[in-house]
Amino acid sequence: MFVSRLQLVNFRNYQNQLVSFSPGKVLIYGANGQGKTNLLEAIYYLVIGKSFRGKDSSLIRFGAESFFLGAKITKDGQKITLGIEYSGKGKIFTKNGQKQKGFSYLLGSLKGVLFTPDEPVNFFGSPTNRRKSLDLFLAQTSKTYLLNLIYYNKVLANKNALLKQPGTTENIIDAWDYKLAEYGAEIIKEREKSLRVLNELLTELNDELKFLLGKITIDYKPQGTLEKESFYRFLKQRQGEERIKKFALFGPHRDDFRFYLNDKDLKVFGSQGQKKGVLLLFKLAQAVYMTKILGEKPVLLLDDLYSEFDSEKRRALEGFFLNFSEQVLITATDPGDLKNYDQAVLINDGLVL
Ligand SMILES: Nc1ncnc2c1ncn2[C@@H]1O[C@H](COP(=O)(O)OP(=O)(O)O)[C@@H](O)[C@H]1O
Ligand SMILES: [Mg+2]
């Protein structure tokens, strides 16, 4: 799939901008602070329903009251239109002109994988960020996963409220734990399976793209089990502790997965360059997963890619783009050789020239 048109109204430093994109390799170039990352942020907003780097209120152009993002997507020859409007009153989501109840109805329409140079710090910095990142990928790839996650979080919120309420009996918590175990086991199963596949794919890419980082292992430590009855018993055994602390301490909302490079924890021992390399491979593995398992090539959004990787890796990446994306948008301050691209878009002060 690819984004053929994008409209930004009062989004960041864009006032009212319409851009047409071609499939293939699209270069977005311009000096610093002109709006290149803002453009990727807008597209990825349509992928995940929020910004990867700011609160909704900070995305509204200074002095304006709301923003609108619209996109036309071409998927297997079919056209899909998506729209999101945000104002202080909330968000309005539309798909093919029809208003939708929430973003979950848009999720998956535009599949995308984003990599930014700032991301490794957050990603390797905390389990919460890693979990969120994985959830965004899985929610795009599986409606069942998305629904299980939504139900799980609802039940979790109820359980947390009850744990804080005096007089809540063990029986009441049991009932919620049973539900948590049901959805939680499915979430853990999907995380376990996908991380195993992503680990295999990134190991292959590490060789094929000549990243030569060494042996990369993803170690997933689920806070629960793969089967609902045993998961329920797992939670029940730990209920006493949760009642004392007055919130839910166990379950996939506390999951973590860590990366090891040659059996050493990357977070602790990895260099910045190794972290960047591993995270890029992890993201590219997600694109391969979408292509091979779902049969849908995502849009790749790569911010400042070339300032981060040398010319040999760049060349290896070119081949990858041909096979695993219908469209890749790359931002750069230095345009380099424009002949290498299917389209080059120059950005200056919130305007596409
Ligand atoms: N809400 C906003 N309203 C207007 N301008 C904004 C807003 N948020 C960020 N900007 C502007 O966007 C610019 C940064 O854009 P960005 O896409 O990050 O630059 P780059 O081209 O370097 O990637 C800055 O000039 C900043 O002032
Ligand atoms: Mg930028």
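Helix α10 (residues 272-294) lies across strands β8 and β12, running at about 170° to β8. This is a predicted model, in which local features need pLDDT of at least 70, side-chain atom pairs count only at pLDDT 80 or more, and totals for chains, interfaces and linings use all residues. Residues are numbered from 1 along each chain as its sequence is written, while chains are lettered from A and ligands numbered from 1 in the order in which they are written. Helices (H or I, at least four residues) and strands (E, at least two) are DSSP runs, numbered from the N terminus.

- Six strands make up an open, mixed sheet, in the order β8-β12-β13-β3-β14-β15; two strands pair if DSSP finds at least two bridges between them.
- β8 (112-115) and β15 (351-352) are the edge strands, each pairing on one side only.
- Four bridges join β8 to β12 (residues 299-302) in the parallel sense, and Val113 has Leu300 in β12 as its bridge partner.

**α6 against α10**

- Helix α6 (residues 170-208) packs on α10 at an angle of about 110°, with the axes 8 Å apart; axes are lines fitted to C-alpha atoms, for helices over the stretch in contact, and angles run from 0 to 180 degrees between N-to-C directions.
- The two helices, α6 and α10, are therefore roughly perpendicular to each other (65 to 115 degrees; under 35 is roughly parallel, over 145 roughly antiparallel and the rest oblique).
- On the α6 side, the contact includes Val197, Leu198 and Leu201, while Leu281, Phe282 and Tyr289 are among the α10 residues; contact requires C-beta atoms, placed from the backbone, within 7 Å.
- Sorted by class, the residues of this α6 and α10 contact are eleven nonpolar, two polar and no charged (Ala, Val, Leu, Ile, Met, Phe, Trp, Tyr, Cys and Pro count as nonpolar, Asp, Glu, Lys and Arg as charged, and the others, Gly among them, as polar).

**α4 against α5**

- Helix α4 (residues 127-141) and helix α5 (residues 143-164) cross at roughly 125°, their axes coming within 5 Å.
- That angle makes α4 oblique to α5.
- Asp135, Leu138 and Ala139 of α4 meet Tyr145, Leu146 and Leu149 of α5, a contact with five nonpolar, no polar and one charged residues.

Technical notes: Contact = placed C-beta atoms within 7 Å.
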